[in-house]
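Take each stop slowly, and look before you read on.

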Amino acid sequence: MSEQDESINAEVVDPDLGAHTPAVADDVLPDTLYLMPVPNRPFFPGQVQPVAINPGDWGATLDAVGKAGHSLIGLSYVDQLDPQSLDTRQFPEIGCVVRLHRPPQGEQLQHGQFLAQGVKRFRIVRWLSDTAPYLVQVEYPRSQGDKDSDEIKAYTMALIKEIKELLPLNPLYSEELKQYLANFSPTQPSLLADFSAALTTASGEQLQEILDTLPLLSRMEKVLTLLRKEREVAELQGQITSQVNEKVSDQQREFFLREQLKIIQKELGISKDDRTSDAEMFEARLAGLDMPEAAAKRIHDELHKLSVLETGSPEYGVTRNYLDWATAVPWGVLSEDNLDLKHARTVLDQHHEGLEDVKERILEFLAVGSFKGEIAGSILLLVGPPGVGKTSIGRSVADALGREFYRFSLGGMRDEAEIKGHRRTYIGAMPGKFVQALKEVEVANPVIMLDEIDKIGASFQGDPASALLEVLDPEQNSEFLDHYLDLRVDLSKVLFICTANQLDTIPGPLLDRMETLRLSGYVAEEKLSIARKHLWPKQLQRHGLEGEQLKINDAGLKYVIDSYCREAGVRTLEKQLARIMRKSIVRLLEEEEEKLRVGKKDIDSLLGRPPFQPDKPLRGLGVATGLAWTSMGGATLAIETSQIHTLNRGFKLTGRLGEVMKESAEIAYSYVIGHLKDYGCDLDFFDMSMVHMHVPEGATPKDGPSAGVTMATALVSLARKERIKRPLAMTGELTLTGQVLPVGGIREKVIAARRSKIMELILPHANRRDFEELPDYLREGINVHFARTYREVFEFVFHEHRREKSLH
């Protein structure tokens, strides 16, 4: 019998009947078939398996097959199966005719499944119905090739070998092989090839290609390729599974061995469980600590509680965390202070230029501690513009004392729990920042810096500033209560150093607890020294340059300071020096030079056009120069007045002035009008004059009472029609009776005057002491007149021959 006829007399087993049923012969296969699409993968001859359908879509097709009487239906592979949009062009030309075993009818259709046995390939010749139920005219092509040829036999053996190698890799293959051997002979190459293809997990397109291939030899070649790929994938899967199992088994083995080891060690008394180990660790931490009695009792109670809790309970974790924090606090552990004043002065001078008054105050503080033999806790507040060295001074104080240093920023802090800790009942509860600081530094007397205390916030979660009242009060912080520990912690040995840019936003009760030290900023000479000794070497090291590779002369540094960096601090100066470094490095690399020298003439090309030009105080009729204080340091302030017209009386203010400054202008206007005769002015000048007073730089908000005498002087100059003939600046609050009251920020204002090269000043007499306390290098060359009343100011400004003897 030829291979072409091998499917005619093959017997199959009906799983329902348990009997061998002969396959339908070619001569009884019908010429027309009802057609049903199958998704995922095609059906092969000889294959027996259930087919799932949607009764609502294909119930009518199965009814039509049942009425036909031969129980045969054609199955065609369709990849994207959507019964609503199915088109006949989606059906492949070759499909498989199958025999339905006990076709479902009536209520059985609701189960949506039937058992199909593949019989033979068919080819669609003509469509008789292109809507469901689909009906087609078919023919049954035969396989092409001689099954008795040596080449076919060789491929048959190769297929059988590949199947044998697959069997140990997956038990499912053996079940399908048993089913095949129960129905067909392994010597039937066509059925063997189809079975082998169905055995694989190849894609539907690859399997349809096998079904379309009628030449037996070509089909077997393609199937052999699929089997080999299947074997490789199965072997890889087996390796992965083996590795995972091996890893899991090793972990299980290690776990069991460790558990056995724990039990053995426990029985022998040479090991302890986790609970005992934790308790012993905490008790070891307590050794050598000088704890208050209440704290010791509380911790011992928690240790006893820990000893009776199960390690797996949530309460055990909470108690263990509490003990971890409570025993980490350095109760009574103090570091030894270095009270050598010479060493302290050396450290402060080494790290900071200028700021002599601040250094002296810090040395006084250290001297008192040296005299007493100990430095008690204290609270210092360093106030000054950004970049003047507030934070670095705090670190220098710690270095001078030999104490540990801890810094954290209060800027933007909105939750008081950051200060006093969370209650233990909350998930993720932690102590406050001060307990965390003590744990980190491991001593009870560190230097703790509270940065940006003027920028502390408040919210519905509490007011951190109010929580700081207890911390920064020397009478209370010896018994500071942290909410998490619920224990009294002694902070009286801590040296607190706070920093702020301004005092306005610090609550009064909090400010009252701190000793304020003002850092006013640096003059040009100090900036030059800082740049030469500190900033330039620091930037050289940061950019990987040697001192000989890049140098800048003093003229260049002075030009950078005067034309690019006029703020009170040196932060912008450091940025500009870093910019010079970067651009110089580019030149060194591009021009292949070994050394580069930077002078004044090179600065503009490196940094661009300078943002500041040399100050030229405004002069003219009705113009006076005042001195102002800002958060960025001191500044000169020109005040201009002008007679607009003589049609009616009026007074207009511009320059974005605050309420206090507006009131100062109105007071000055009223005072001058009331004393026109005293100051030699035309008595009718203001009666018919519209006067406009303007403070330049209108985009900058301005406020404060210190411009009162300057505004009055500008109005007197306008009314007398007399200009101020020399560079002169003044500051002071004016009253309606002509009194000149003291103002703040004298140091900053003197620095601003020096920067503008104004060497003659008028200050309130009550500020004489503030001026005399300034360092000599700030007072040198400055002529100062102190005035109690505006009459004295008038004499200094307009009657030069009657000026008081200047102070130098």
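Is Ala787 buried or exposed? Select Ala787 in this predicted model, and you will find that Ala787 is buried, since its relative accessible area is 1%, where a value under 20% counts as buried.

Leaving aside residues up to four places away in sequence, Ala787 touches Val740, Ile762, Leu763, Pro764, His765, Glu792, Val793 and Phe796.

Now move to helix H21 by selecting residues 659-674. These 16 residues should span 22 Å at 1.5 Å a residue, and because the end C-alpha atoms of H21 are 23 Å apart, the model agrees with that expectation. Colour Met661, Ser664, Ala665, Ala668, Tyr669, Tyr671 and Val672, which are the buried residues of H21, and look at where they sit around the helix. An α-helix has 3.6 residues a turn, so residues three or four places apart point the same way.

How many disulfides does the structure hold? The number is 0.

Step back and show the whole protein chain, which has 26 helices and 26 strands. Of its 808 residues, 48% are buried, and the chain exposes about 40200 Å², of which carbon and sulfur atoms supply 49%. Among contacts between residues at least 6 apart in sequence, 74% join residues at least 24 apart.

Finally, colour the chain by pLDDT, the predictor's confidence in each residue. The mean for the protein chain is 82, and 89% of its residues reach 70 or more. Select residues 1-27, where the pLDDT is below 50, although this stretch has 63 contacts in the model beyond near neighbours in sequence. Then select residues 801-808, over which pLDDT stays under 50 and for which the model has 19 contacts beyond four places in sequence. Where pLDDT is low, the predicted coordinates should not be read in detail.

Key:
Residues are numbered from 1 along each chain as its sequence is written. This is a predicted model: local features need pLDDT of at least 70, side-chain atom pairs count only at pLDDT 80 or more; totals for chains, interfaces and linings use all residues. Side-chain values use heavy atoms; hydrogens and water are left out. Helices (H or I, at least four residues) and strands (E, at least two) are DSSP runs, numbered from the N terminus. Buried means under 20% relative accessible area, exposed over 50%, partly exposed in between (1.4 Å probe, protein chains only). Contact means heavy atoms within 4.5 Å. Accessible areas come from the Shrake-Rupley method with a 1.4 Å probe; for residues, only the protein chains shown count as cover. A disulfide is a pair of cysteine sulfur atoms within 2.5 Å. The expected span of a helix is 1.5 Å times one less than its number of residues. pLDDT is the predictor's confidence in each residue, from 0 to 100.
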